Amino acid sequence: MASPRTVTIVALSVALGLFFVFMGTIKLTPRLSKDAYNEMKRAYKSYVRALPILKKMGVSSILLRKSIGALEVACGIVMTLVPGRPKDVANFFLLLLVLAVLFFHQLVGDPLKRYAHALVFGILLTCRLLIARQPEDQPPEKRILLVNGDEQPLAHEAAPEKGKVKVS
């Protein structure tokens, strides 16, 4: 049976991965929701207007929206399907992306209800990354202590069970 830690990591990975695939797809194409796609286009135009350095660097609202959408889809797929260390890398990139999006929302003065989902998913990404990076508890191995050439179990392992007296 899988440990609760493993179940938690897998559940968070799949849920977060699917969410970011969905949100990235909305940024890339109107097929899922034309209204949401148009709202994303409007929002990214305001982000580029609020940060003139992007214009100076030649980054248009279309390029910014499509870059972020493609990164969300790619990292979401990795979070959902790819095992091991790449999930943590994708998690980290998505966390950086969420922080950038929160910065953009603050920059244009959006109310909390417009970016609350980004805040919640940023917290979930942080939790998943912290849980995944913790070392897994492993049962202690049977250790042997050599005393005068004889093998003896360690003191805490040799202690008698509670309520029983050891007679030598």
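In this predicted model, Phe20 touches Glu72, Val73, Gly76, Leu94, Val98, Phe121 and Leu125, leaving aside residues up to four places away in sequence; contact here means heavy atoms within 4.5 Å. Local features need pLDDT of at least 70 and side-chain atom pairs count only at pLDDT 80 or more, while totals for chains, interfaces and linings use all residues. Residues are numbered from 1 along each chain as its sequence is written, and side-chain values use heavy atoms, without hydrogens or water.

Phe20 also belongs to the largest nonpolar core, which has 30 residues. Such a core is a set of buried Ala, Val, Leu, Ile, Met, Phe, Trp, Tyr and Cys residues joined through side-chain atoms within 4.5 Å, where buried means under 20% relative accessible area, exposed over 50%, and partly exposed in between (1.4 Å probe, protein chains only). Leu16, Phe20, Tyr44, Leu64, Leu94 and Leu125 have the most contacts inside this core. At least two core residues come from each of α1 (4–28), α2 (34–50), α4 (61–81), α5 (85–108) and α6 (112–133), with the largest share, eight residues, supplied by α5. Helices are DSSP runs (H or I, at least four residues) numbered from the N terminus.

What, then, of the cysteines? Cys75 is buried, at 6% relative accessible area, whereas Cys127 is partly exposed, at 35%. Zero disulfides (pairs of cysteine sulfur atoms within 2.5 Å) turn up in a search of the whole structure.
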